[in-house]
Amino acid sequence: MVDFPIAVLYTSSYNVYGTAVGAKMMTTTATATMEPISSRLRHDEKEAFLATCDSIGTSPSNAIRMFVAAFNKRGGFPFDPANPYGFSAETLAAMDDAASGRNLHGPYGTVDEMFAALEED
């Protein structure tokens with residue numbers, strides 16, 4: 001279970017900025033019951049997931065909670081499963097070229113040189 005504070009405002013009016021006027025605040029604690037979920041992954045998938053979570057500073061449990069929240073809010077996957085990175089075929093090809101060192105131009109000494117080379121193509 002996770003306890004988290006909830007602030008409750010008692011007021012009858014708000015100013016033009018949406019701020020409560022003459023409000024009294026009371027803080028209480030609510031308890032959210034957490035339910036377990038289980039999934040089976042290949043070892044390499046699990047290791048990559050754990051490493052990615054660690055690299056971005058979150059726990060695996062928190063990452064799964066964020067995914068479930070986004071999934072529920074959207075009413076399905078929060079990305080296109082057919083194209084999970086959201087890139088066009090042209091962009092994916094350019095990314096592959098960059099990673100493999102193909103079809104690259106430059107380096108250029110100045111921005112003007114770069115734009116001149118672009119105009120030549």
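User: How far apart in helix α2 are Phe67 and Phe71?
Analyst: They are four residues apart in α2 (residues 60-74), so about one helical turn separates them. Helices here are DSSP runs of H or I, at least four residues, numbered from the N terminus (strands are E, at least two). Note that this is a predicted model: local features need pLDDT of at least 70, side-chain atom pairs count only at pLDDT 80 or more, and totals for chains, interfaces and linings use all residues. Residues are numbered from 1 along each chain as its sequence is written, and side-chain values use heavy atoms, with hydrogens and water left out.

User: Which aromatic pair links Phe67 to Phe77, and what is its geometry?
Analyst: A tilted one, 6.5 Å centre to centre with 50 degrees between the planes. Rings of Phe, Tyr and Trp (its six-membered ring) pair if their centres lie within 6.5 Å; planes under 30 degrees apart are stacked, over 60 edge-to-face, the rest tilted.

User: What does that pair tie together?
Analyst: Phe67 lies in α2 and Phe77 in the loop between α2 and α3, so the pair ties together parts ten residues apart in sequence. Phe77 is partly exposed, at 41%.

User: Which residues make up the aromatic cluster?
Analyst: Phe67, Phe71, Phe77 and Phe79 form one cluster.

User: How many aromatic pairs in the count?
Analyst: Four. In one of them, the rings of Phe67 and Phe71 have centres 5.7 Å apart and planes at 45 degrees, so that pair is tilted.

User: New topic. At what angle do α1 and α2 pack?
Analyst: About 90 degrees, with the axes of α1 (residues 43-56) and α2 9 Å apart. Axes are lines fitted to C-alpha atoms, for helices over the stretch in contact, and angles run from 0 to 180 degrees between N-to-C directions.

User: Which residues make that contact?
Analyst: Phe49, Leu50 and Cys53 from α1, and Pro60, Ala63 and Ile64 from α2. Contact means heavy atoms within 4.5 Å.

User: Last one: what follows α3?
Analyst: Gly101, with a positive phi near 80 degrees.

Key
Buried < 20%, exposed > 50% of the residue type's maximum accessible area, 1.4 Å probe, protein only.
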